[in-house]
2 protein chains.
Amino acid sequence: MTIDDVLNELRAKIADKLPKGITISGLEFEGPELVIYTTEPRAFADNGDIIRSLAKDLRKRIVVRPDPKMLLDAEQAIDKIKQIVPAESGLSDFYFDPDTGEVIIEAEKPGLVIGRHGSTLREITKHIGWTPKVVRTPPIESKTVKDIRQYLRTVKDDRKQILKTIGRKIHRPVSTKDQWIRVTTLGGCKEVGRSSFLLSTPETRILIDCGVNTGAESNGTPYLYVPEVSPLSSIDAVVITHAHLDHCGIVPLLFKYGYEGPIYATPPTRDLSALLQLDYIEVANREGKRPPYDSALIREALKRTITLNYGDVTDIAPDVRLTFYNSGHILGSAIAHFHIGEGLYNVAFTGDFKYEKSKLFDAAVNNFPRVETVIMESTYGGMHDMQPARREAEIEIQQVIKQTLARGGKVLIPTFAVGRSQEVMIVLEEAIRRGIIDNVPVYLDGMIWEATAIHTTYPEYLNVELQDMIFHKGQNPFLSPSFVQVDSPQKREKILADPSPCIVLATSGMMNGGPVMEYLKTYGHDRRNTLIFVGYQAEGTLGRRIQKGWNELPMSVGGKTEIMKINLQVTTVDGFSGHSDRRQLMEYVKRMDPRPERIITNHGDENKCLDLASSIYKKYKLETKSPMNLETIRLI
Amino acid sequence: MTIDDVLNELRAKIADKLPKGITISGLEFEGPELVIYTTEPRAFADNGDIIRSLAKDLRKRIVVRPDPKMLLDAEQAIDKIKQIVPAESGLSDFYFDPDTGEVIIEAEKPGLVIGRHGSTLREITKHIGWTPKVVRTPPIESKTVKDIRQYLRTVKDDRKQILKTIGRKIHRPVSTKDQWIRVTTLGGCKEVGRSSFLLSTPETRILIDCGVNTGAESNGTPYLYVPEVSPLSSIDAVVITHAHLDHCGIVPLLFKYGYEGPIYATPPTRDLSALLQLDYIEVANREGKRPPYDSALIREALKRTITLNYGDVTDIAPDVRLTFYNSGHILGSAIAHFHIGEGLYNVAFTGDFKYEKSKLFDAAVNNFPRVETVIMESTYGGMHDMQPARREAEIEIQQVIKQTLARGGKVLIPTFAVGRSQEVMIVLEEAIRRGIIDNVPVYLDGMIWEATAIHTTYPEYLNVELQDMIFHKGQNPFLSPSFVQVDSPQKREKILADPSPCIVLATSGMMNGGPVMEYLKTYGHDRRNTLIFVGYQAEGTLGRRIQKGWNELPMSVGGKTEIMKINLQVTTVDGFSGHSDRRQLMEYVKRMDPRPERIITNHGDENKCLDLASSIYKKYKLETKSPMNLETIRLI
C-alpha cells in the first residue's frame, strides 16, 4: 500500500460520511494534519460535528481549509479588510498563514474588527476567502517574532511542499516488524549541556533536543557522528523541549549535515530559540570564535518548524504521538510525552522543569494519560541541593533592594535574557506597585527587552494569574512604565552618568561579557551600590570570582587590562532558579500520576544524577538508571 | 598522512636497520601482517634476530616472504619436489599457500622429506623458491579441509588483493577523536541462540559472533538491521568464537548484505564452521525451508577468513588487537580478548566455555595480560545448575554401556556431530582399550566422522595429554579400529540387520531428524537396548519427549505416520556438557587473573543471566549487568 492508496482510501471514507451538498476539492497530509480543502468552508464550519466525528473515525488530526483558489492575494485582501473595518479599530498588522489559510489580524481594538456578533468578521471572510483571526496588537513589538513571521511568509511555497513531504512520511503505511523501543543517550548525561537523546523503534527515529555546551573547550556538542543517528537524513523528527542553548543550540547544524525533517516545538520555543541561536553566533563572532553555523541555517530550521501547543496530541511518525506539557522552566518550555504504538508504551522527557508555581509559570505537569518511563533532569538532584521557596527569595531580593536604594545606592542584577529576567521583572513590578520599594527606573540592557517582548506575544503561556491580570484586569506587568529599555550605547552612557538611584538588569548572567560589564565598571567602586546574583555562577566565570569574594579584578578598559577595585556590596539571592530543587524533584516523582515504572536521570553532574536515581529507587521502589552518554537503554 | 606514506616511512626505517647486502623488493600490508618481500629470504632466515628486532621497533607483526617472482609454478614445484624426495617417503599432498609463500608437504614419513639435518628441505627450497613445511599425512582425511584448501588455492589472486585491502585498512592512520568504547547487544542476551555483539570505538566497529537460533519460528537471527551495524560495509572485522551455529550460522549472510571485511577465527573454527553451515543449508533444503544463504556465500566467507592461533596477538583495526584463548568448549573454540588503544582498555568475550579439563581440551583460560570487562556465557548460570564432574560422567556412561552389552543389548547415543561426539569417543576408546567394556564396534553415523577427521587435522588444539599420546606415543585414540564410519545407506542397513552388540553414535543430538531416527526405529522395540542422552534436549524435540518418559511415539515410516512403542531403556548421563556448570562459572570469575572490573552475563535464559550476575555481584563485589538485546553499554 502506497501513501497515495492511503489518501484515496481516506478520501472515499470522508466522501461517504459528508452530508449531501458538501464536497471536498482536495485532500493532503501536511505535517501531522490531514487537510481537507473545500470550496465551501462555511458549510463545514456550520456543521462543527462533522470534523470531530471524522477525526474520531479516522484517528487523524483533521483540519478544513478553503481551497487555495478561493484565497484572495494578500495585498488585495489587506485592502479589502481595511475597507470593511472601521478606521478607529487601529489595525496594526496582518499575518497571512498559507499553512492554515488563516489571516491573523492585529488590531488595537479587536472588538471593532469582530463586529456585533461577529458580523464584521463574516463580512471579511466572504470577501477574502482567508479565515480571519483577530488578536490584540502585542503591547511590545518583538523584532524576532516580526522577522520570523515575515520570513515564513516569503518561503510559504517551499514550506507547503515541505509539510506535504513530512505529512506523507508521518502517515506512511508501516510493515509490521519487531517490537522494541530504545533510548540512546547522545549528550547531557552525567553532565549539564549538549542535551540530546534518540528515541527509536523499528520504524522511527526521533531526536529529542540537540544542545550545545557553550562553555566547553571540547565535547561541546552531542555525539552526532555515531551510527545510531547516521545518516541524519534517517531521523524522522527533532523535538525541542525548550529554547535554552543547552537544549537547542545545535539544531540548525543538523540541516548542514543532511537532516531534512521537521522540528517540533511550542511557538514560544521556536521564537526564543531563533533569538538565542542568533545571539550565539553573534557572540562567537565577536569573540573571534568560529560559530558552528550561520543565520541561513537558523532560517532553514525555522522553515521546517512545526509548532504545537501544550496538550496537542500529534502524530509525528507512523507509530509515535507527541504531546507537549508545561514544564514551568521558561516561556514555552515543555515536557515531551511520546505515546508509542497503539497503547504499547509511553515515555516522557522532562527537559528542564520547575515543580513549583512561579510568578510567570504554573508548576510542571506530572499528570499524564499514561507513562511508563520518565527521563528527568537532575540539575539539583544532590542530597543537599535545597533552594529557598520562591516566596522567600522574593522577600529577600526586595529587602536587599530596599536597603540599597535607602542608602542612595544602585542595584545591578546580572541575568540571562530568557527566564530569570522576566521572573525578577515581575517581582520588581509588584514591589514597586505596592510601594515596597521606591519607584525608581528599572533599566533592561542586553537581549532582555526583546525576550520580554516575546513573552508579551504569548500571554497564554504564562500562568493563570498573570493571564488573568493581562486579559481581564488590563494590567500587564511587563508594560509597567518602570521598565526602560536600553537600546543604544548613547542611552547606556546617559544612564551610567546619572547619579540617581536605579535598578539595572543586564546580561550576561555570569558576567563573562555583555553590557553588565559596563555597569560593573561604573558602579563597582561605590560601596553604596549592590550586585545581586540571582542565578548559578559557573566555575571560571567573573561572576563566580566576585561571588567568592575577590575584590580586585583584572578588567579590560579601552583595550588595556587594568586591575579594578570592587567596593560594592555583593549578595546572592537563591530561589529564582527555573530548575526544581532536590525536594521538588523528589515530589515530582512521588506525585506523578500514573506511577511510572522507571526513571532515568540525566542533566546534572554525575553525583547528582546518581544520588537522585538512588534516592528515587530507595524511597519509591521504582527502577532507576543514570546512563552515561552513548548508551542505549531498551524500554521494551 | 595516507597509507602509502605510512608504508614509505616503514620502508625507510626497515632499509635503515637491515644489515648491508640484504635488500627488500617489496613491502605491503596483507591482513594483519606487514610483509617484507625479498629475493634473499635465506639471508633473513640466517639472521633470525632481524625480524624480531624490526617487529619490536615497528610494533607490527612482520613476516618475510620470498619475492613472488622467485616462486616456481605450483605444478612445476611438485614435479621438482618429487624428483628430490625419495619415493618411499609417501608424499600424499601439497598445499601451496600464496598468502605465506609456503608449501605444506604432506608425507607419510616426514623424516625422509626433511633429510639429514634438513639437507633435503634445503635442496627443495633452492629449486622451488617456496618455503617448504613438512607435516605428517593426517590419519583420517577430512573432505572439508581438503575442499577448503583446494578452494583457497583457486582464489589465491582474489585473496591476495583482499588481504592487501584489509591490511591497508587495519593500518590506516587514525585521527584522534573522542575516546569511548561501547558494546551493543545484537542477539543472545537473556536467551540462547543468535549470539552477536558489536564492539565499537570512534574509529572501529567489530562484530563478535553472528549466530542463528535454528529452532526459532521468528527472531532467529541477530538484529542486523539496526543503525549500529548499518551499513554492514562499515564493520571493520567479524570475529567468531567457535563453530556452533548459534555463534556463526549467519556469518555467510553478512556478505549478501554488503559486508566485505575479514573474518577472524581459529583454523579449526574456520573448517568446522564451513561444515556446519553447509549442513545447515542442506537440512533446511531437505525440510523444505528456505535457507538464508547458499554455499556460494559460505565460500565467500572462507575467502575472507584470516585464521589466528591461540595466543597470536593481532592488529585487526588501528586501535584494536585481538587475541584468541582456549575456551575448552569445542575444537578451536576461543575466548576473544580485545586490547583497545595503547593500554586503554581490555574486554574479553568468553563465547561458550568449559572451565574444567576434559578428555579433549584443557580448561578455559582465565588468565589474561589485562582485562577490565568480561562478557560471559550463562547457559548453566542458575543457582541449581550443577553438573556431575566429568570423571563421574565417564564412570556412569561406562557402567550403563557395560550392563547393556552384558545383557546382549545395543547402545544408541544421539549426539551433535561436533564436540560431544568426540568427547564420548575418547571415553569409549579408553574403556575398550582398558577392557572396561567389551570390544564391540562403535558406529559413527551422520557428520560425526567428518567432524572427527577435522579433529585429527588439528591435534595441536587438543589437550596436552592427548597431544602427547598422539605425537609421542603414536597412539591416536580417534584411529582406534573400534570406530567404524557409516558412510552409506547400505552400510547402515547392514548394521541395523546385524544382531550382535554394538554402540552407535548418531546425529541429530536431539533426535529431531538425522540417521539416529533409523536406529531408534530398529532398536526401540527391544528392552535389552539402551538409549543414552549425553546432551541437552530442548523443549519440543523428540529427544525431550523420550526423556520425559513418553513410550508411544508418532514416527514417520515410509511416508506414513505410525505410533511406535518404545521399550528400550532410556537414561541420561549428565556431565559431558561443553558448558561450565554454575560452580565452574563462579570459579572462573573468582580465579580470574587479573580481577576484572565488570562482568556482563549473556547466553542463557533470562533468569540464568540475572541469577549469575546477581551472585557474582554479591559474592565478588564486581559490577555486573545482564542486558537485553539491543542495548548499548559504555565500557569507558
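Into which domains is chain A divided? In this predicted model, where local features need pLDDT of at least 70 and side-chain atom pairs count only at pLDDT 80 or more, totals for chains, interfaces and linings use all residues. Residues are numbered from 1 along each chain as its sequence is written, chains are lettered from A and ligands numbered from 1 in the order in which they are written, and side-chain values use heavy atoms, with hydrogens and water left out.

Chain A splits into domain 1 (3-69), domain 2 (71-137), domain 3 (157-384 + 579-632) and domain 4 (390-572); such bounds come from an automatic or database domain assignment. Between the C-alpha centres of domain 2 and domain 4 of chain A there are 40 Å. As for confidence, chain A has a mean pLDDT of 92, with 99% of its residues at 70 or more (pLDDT is the predictor's confidence in each residue, from 0 to 100). For the complex, the predictor gives an ipTM of 0.85 and a pTM of 0.89.

On to how the two chains relate. Two copies of a chain are related by a rotation about an axis and a shift along it.

Next, the helices. Helices (H or I, at least four residues) and strands (E, at least two) are DSSP runs, numbered from the N terminus. In chain A, helix α7 (residues 143-154) packs on helix α11 (residues 267-286) at about 105°, the axes being 10 Å apart. Axes are lines fitted to C-alpha atoms, for helices over the stretch in contact, and angles run from 0 to 180 degrees between N-to-C directions. α7(A) and α11(A) are therefore roughly perpendicular; angles under 35 degrees count as roughly parallel, over 145 as roughly antiparallel, 65 to 115 as roughly perpendicular and the rest as oblique. On the α7(A) side, Thr144(A), Val145(A), Ile148(A) and Leu152(A) touch Arg270(A), Asp271(A), Ala274(A) and Leu275(A) of α11(A). That contact of α7(A) with α11(A) comprises five nonpolar, one polar and two charged residues (Ala, Val, Leu, Ile, Met, Phe, Trp, Tyr, Cys and Pro count as nonpolar, Asp, Glu, Lys and Arg as charged, and the others, Gly among them, as polar).

In chain B, α7 and α11 also pack at about 105°, with axes 10 Å apart. α11(B) has a further partner in helix α12 (residues 295-303) of chain B: their axes come within 10 Å and cross at roughly 170°, so α11(B) and α12(B) run roughly antiparallel. Arg270(B), Ala274(B), Gln277(B), Leu278(B) and Ile281(B) from α11(B) meet Ser295(B), Ile298(B) and Leu302(B) from α12(B). By class, this contact of α11(B) with α12(B) has five nonpolar, two polar and one charged residues.

Most residues other than glycine have a negative phi, and most peptide bonds are trans. The bond from Ser230(A) to Pro231(A) is cis, with omega near -15°, and Pro231(A) sits in the loop between β9 (205-208) and β10 (237-239) of chain A. That β9-β10 loop of chain A also holds Asp209(A), which has a positive phi of about 65° although it is not a glycine. In chain B, the peptide bond from Ser230(B) to Pro231(B) is cis, again with omega near -15°.

Definitions and conventions:
Contact means heavy atoms within 4.5 Å.
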